[in-house]
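Hello,

Here is the structure for you to look through. My notes on the sheet and the cores follow below it.

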Amino acid sequence: MEIVITDTPEAGAVLVADVIERAIGRDRASVIGLATGSSPLLSYRELIRRHRDTGLSFADVEAFLLDEYVGLHADHPESYRSFIKRELTDHLDLPGSNLHSPDGSAADLAAAAVAYDRAIVDAGGVDVQILGIGRDGHIGFNEPSSSLGSRTRLKTLTEETRIDNSRFFDGDIDQVPRHCMTQGIGTILDARHIVMIANGDAKAKPVALAVEGPITAMVPASALQLHPHVTVIVDEAASVALTHADYYRHTYRNKPSWQTL
Ligand code: F6R
């Protein structure tokens with residue numbers, strides 16, 4: 001894992017956008033995995049800026065969302081499909097038909113989950129997967145105790161995650177769905193390059209457990225240690241619990257030749 005500690009979240013967002021721009025530059029028809037939530041927002045704003053100011057084109061990109069609530073219609077303003085359209089794809093030239101998200105309102109959710117994994121494979125697999133991390137160490141909505149080999153499926157959200165996400169629902173936890181459809185940890189690990197973003201002191205503990213702790217289903221993000229190409233981009237606040245922070249700074253920071261770039 002490459003652990004890049006940046007002075008500010010804005011500096012991290014530039015690096016994330018660089019990774020995506022490189023992927024698109026190598027192969028315009030690249031497949032990008034998108035997370036929702038707060039962590040990637042600065043990166044998404046940087047991509048929108050590059051599209052507007054430099055002509056970075058997403059016309060041939062396929063985008064796959066990590067997860068979706070079950071029980072919210074896709075058009076609900078807080079569905080993850082609405083969120084990513086509002087925060088990113090509506091501001092790019094990505095064709096609407098190239099945006100894929102788990103169908104959380106399918107009559108047959110199990111079949112929809114299998115179809116979603118199949119669609120990712122049919123698109124050629126994810127080239128770059130963007131991830132955030134939950135305070136409980138979740139990635140996607142794979143909560144603690146999720147199988148490290150899991151595929152896209154229905155999951156129940158923990159109380160902690162529903163409390164965290166209630167900020168998007170007028171602070172009312174009762175409005176936050178109890179279930180979601182999420183890519184499994186095994187699905188996420190199939191991506192060729194994974195970029196996990198974490199900012200702020202609330203993420204310091206889960207980041208340290210994910211990067212330096214044992215691989216365990218109780219910290220789903222720790223499964224990333226099994227992947228050959230993961231870049232973790234954290235600001236100073238999210239890095240404070242890392243035992244080897246100085247080593248990471250020395251190895252990965254401000255190095256134009258670091259592996260992902
Ligand atoms: C979002 C997702 C979640 C978030 C995580 C962190 O699609 O899958 O795993 O990445 O809950 O959320 P934020 O970034 O809002 O702190």
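β7 and β8 (residues 179-182) pair in the antiparallel sense, over four bridges. Strands here are DSSP runs of E with at least two residues, and helices are runs of H or I with at least four, numbered from the N terminus. Two strands count as paired if DSSP finds at least two bridges between them. L154 has M181 in β8 as its bridge partner.

This is a predicted model: local features need pLDDT of at least 70, side-chain atom pairs count only at pLDDT 80 or more, and totals for chains, interfaces and linings use all residues. Residues are numbered from 1 along each chain as its sequence is written, and side-chain values use heavy atoms, without hydrogens and water.

The open sheet has three strands, in the order β4-β8-β7, with antiparallel pairing. Its edge strands are β4 (67-70) and β7 (153-156), each pairing on one side only.

Now the cores. A nonpolar core is a set of buried Ala, Val, Leu, Ile, Met, Phe, Trp, Tyr and Cys residues joined through side-chain atoms within 4.5 Å. Buried means under 20% relative accessible area (1.4 Å probe, protein chains only). The largest core has 73 residues, and Y44 and F58 touch the most other members. Helix α1 (residues 9-26) gives the most to this core: seven residues. A second, separate core has five residues, among them V70, A106, A113 and M181.

What does F58 touch, leaving out residues up to four places away in sequence? The contacts (heavy atoms within 4.5 Å) are I20, I24, L47, H51, L92, D93, L94 and P95.

Best wishes

How values were computed. Buried < 20%, exposed > 50% of the residue type's maximum accessible area, 1.4 Å probe, protein only.
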